[in-house]
Amino acid sequence: MTAPSSEQVQRLRETYDAAGQGHVFAFWDKLAANEQADLFRQLSSIDPERVNSVHKSSLQAEKEAATSTHEDITPPPADQSGSVIGNEDEAKSWNEVGLKAIRDGKVAVLLMAGGQGTRLGSSAPKGCYDINLPSRKSLFQLQAERIRRLQTVAGADKPVPWYVMTSGPTRKPTEQFFADNAFFGLDKENVVFFEQGVLPCLKDDGKIFLDTPAAVAVAPDGNGGVYAALRNPDPASPSSPTILSDLSRRGIEYIHAYGVDNCLVRVADPVFLGYCIAREADCGAKVVKKTVPTESVGVVALKGGKFAVVEYSEISSEMAERRDANNAADLAFRAANIANHFYSRAFLEEVAHFDERQMPYHIARKKIPHVDVASGEKVKPTKPNGMKLEQFVFDVFPFTKRFALLEAERKSEFSPLKNAPGTGSDDPETSRRDLLEEQRRWLERAGATVDEGVEIELSPLVSYAGEGLEAVKGFRFSKSGAVDSIEELEALAA
C-alpha cells in the first residue's frame, strides 16, 4: 500500500479523536513507514463511531437480558411446527416441492465455514478435516458431492450455487483446498467464497485495544456476521458483486444455510426446503429432539411472543423437564438448534441491512492480550479484561413474519464434530460411526443384508439420502469398502 499523506493521516486522527478513540495513534511516530501504512489501512476500515454505538447497544442488551424472566418463554406453537418423523407421506410431498425449486434454479446453499479445527488438533479449516472414513473424504468433499447428487436427482436446469463464508485466517487455505481438489467436481464459477467481518476487541469502557503498536486487536464477529457479510463488499475483492447482488443476478429465491461441522448434513435438503416453501416462510429452522432435560443445547422457542433460540442457561429446571401436553414422551422444550436454516432471499435482503440497534451484539468477556498505550509493554492478562463482540446466526429469528420449524431424525441428520479425537462425544470417531451407520440403514431398507462389523461407505454421488439403491435388493455384503458408483457397490457384494 502507498504511504498515506500527512493530510490523510490528520483527517483519520480527527475522526478517532472525535470518537474518543485517539489512543490508537499512540505509537504512530515510532512506527516504520510500512507499519504506518498497515495501521492506516486497518484504521480506515473501522468506523470508530459505529464501534461506540455497538458497545453502547451491546451493554444495554446485556443489561436487559440479565433482568428478563422465564415467564415470557413458551414452547413453539404447533401450527408453525412440523416433523419428518412418522410423516412419510407429507415428507414425500415436501420433497417434490423442494426438488422443483432446485430444478428451476431457485435454490442456493450458504455454508458457514469460518472455524479452524483447533480443538481437533488441526490448524486447517474445519471443513478440510478427515474423519477417517474408508474413502478419507473431507467434510468439504462430502458436502460438495451431495450438491452434485442433488442436482442429478432434481434434474436441475441450473446448478445450485454454493456460497462459502470463511474467516480471515481460513480464507486462503479454504480456497487453496478447493483448488487443489478441483472443486470436488463442481464448476468453480458456482462456488463463491466470501469472508465474515471482524470487530475491535474493547475494554469494558469501550476503548479499543491495540494488539501491537501497529495493529488493533480484532476478533471475528460471530456466525451472525454472515448477514453483514452478504451486503458488504468482499475485502479480498472489493470490486466484485456483493453476495446479495449475486443471489439476485442468479434468480435465487431460497437459501439453505448450515454449519460445516455436521457430517450428516443434507445440503439443500429438498424436504426442508419444500416444507418451508409450502408454508411461504421467510425463515425456518431444522431441529432435532433434545435428548434429555439436562442436555446443554439451545432450543427454538417463543420468547416474548417471538421466535428465538433460548440457551439452556435461560431455562429453569422445571421448564427443561416439562413434557409436551399432547405427547408425554416428548419434552415441551425439545427443538434443539443445530444451525440449519432456511431463508427467502427477500428476508435476507431485509435483515442484512439491520444495524446494531436493531440486532445488538452479544458480549463475550475474555482475556485479551494487548499493548499498554502508556508503557508500550505487552500485557497478557490472567483474567478477563475486556470484551469480544459477536452476533449469532439465529439472532434474526425474532424478525420473521412467517417462521417454519421442522423436526428431523437426529441419528439421520445430525452428528456434530466439536471435540478432540477420543473424547467419546461429538468427536471424529462418533461422526464416522454415525455416517456409516446411517448408510447401513439405507442399504438394509433397500433390501440388502450387511454382515455384522462390515462398513460400507456410499459416496454421496451414489445416494443423497438413501434413494437409488433398488439394485442391491437381495444382495449380501460381507466385506467393507468405499464405493463411488452403483456398479462398484454391486461388485463389492459379488
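Ala219 counts as buried, at 6% relative accessibility. Buried here means under 20% relative accessible area, exposed means over 50%, and partly exposed lies in between, with a 1.4 Å probe and protein chains only. Ala219 is found in strand β10, residues 218-220. Strands (E, at least two residues) and helices (H or I, at least four) are DSSP runs, numbered from the N terminus. Leaving aside neighbours within four places in sequence, Ala219 is in contact with Val198, Leu199, Cys201 and Lys388, where contact means heavy atoms within 4.5 Å. Between the C-alpha atoms of Ala219 and Arg103, which are 116 residues apart along the chain, the separation is 40 Å.

This is a predicted model, in which local features need pLDDT of at least 70 and side-chain atom pairs count only at pLDDT 80 or more, while totals for chains, interfaces and linings use all residues. Residues are numbered from 1 along each chain as its sequence is written, and side-chain values use heavy atoms, with hydrogens and water left out.

The protein is divided into domain 1 (6-63), domain 2 (76-197 + 235-359 + 395-418) and domain 3 (429-493); such bounds come from an automatic or database domain assignment. The C-alpha centres of domain 1 and domain 3 are 57 Å apart.

The next topic is the nonpolar core. The term stands for a set of buried Ala, Val, Leu, Ile, Met, Phe, Trp, Tyr and Cys residues joined through side-chain atoms within 4.5 Å. The largest such core has 43 residues, and those touching the most other members are Leu111, Phe140, Trp162, Phe178, Val191, Leu273 and Phe342. At least two residues of this core come from each of α4 (88-103), β3 (107-112), α5 (139-154), β4 (162-166), β5 (191-195), β11 (254-259), α9 (270-278) and β20 (403-408). Helix α9 gives the largest share, six residues. A second, separate core has 38 residues, including Leu110, Met165, Leu230 and Val287.

Helix packing comes next. Two packed helices are described by the angle between their axes and the distance between the axes. Axes are lines fitted to C-alpha atoms, for helices over the stretch in contact, and angles run from 0 to 180 degrees between N-to-C directions. How do α4 and α9 pack? Their angle is about 90°, and their axes are 6 Å apart. That makes α4 roughly perpendicular to α9, given that 65 to 115 degrees counts as roughly perpendicular, under 35 as roughly parallel, over 145 as roughly antiparallel and the rest as oblique. On the α4 side, Ala91, Trp94, Asn95, Val97, Gly98, Leu99, Ala101 and Ile102 meet Pro270, Val271, Leu273, Gly274, Tyr275 and Ile277 of α9. The residues of this contact divide into 11 nonpolar, three polar and no charged. In this count Ala, Val, Leu, Ile, Met, Phe, Trp, Tyr, Cys and Pro are nonpolar, Asp, Glu, Lys and Arg are charged, and the others, Gly among them, are polar.

Helix α4 also packs against α5, at an angle of about 100° and with the axes 9 Å apart. These two helices are therefore roughly perpendicular to each other. Here Leu99, Ile102 and Arg103 in α4 meet Leu150, Val153 and Ala154 in α5. By class, the contact of α4 with α5 has five nonpolar residues, no polar residues and one charged residue.

Phe183, with phi near 55°, sits in the loop between α6 (168-180) and β5. Is Phe183 buried or exposed? At 12% relative accessibility, Phe183 counts as buried. Asp426, with phi near 50°, is in the loop between α12 (410-413) and α13 (428-445). Asp426 is partly exposed, with a relative accessible area of 30%.

Helix α13 itself holds Asp434 and Glu438. Asp434 is buried, with a relative accessible area of 15%, and Glu438 is buried with 2%. Neighbours within four places in sequence aside, Asp434 is in contact with Leu264 and Ser415, while Glu438 is in contact with Leu264, Arg266, Lys411, Ser412 and Arg445. Glu438 and Glu413 are 25 residues apart in sequence, and their C-alpha atoms are 8.9 Å apart in space.
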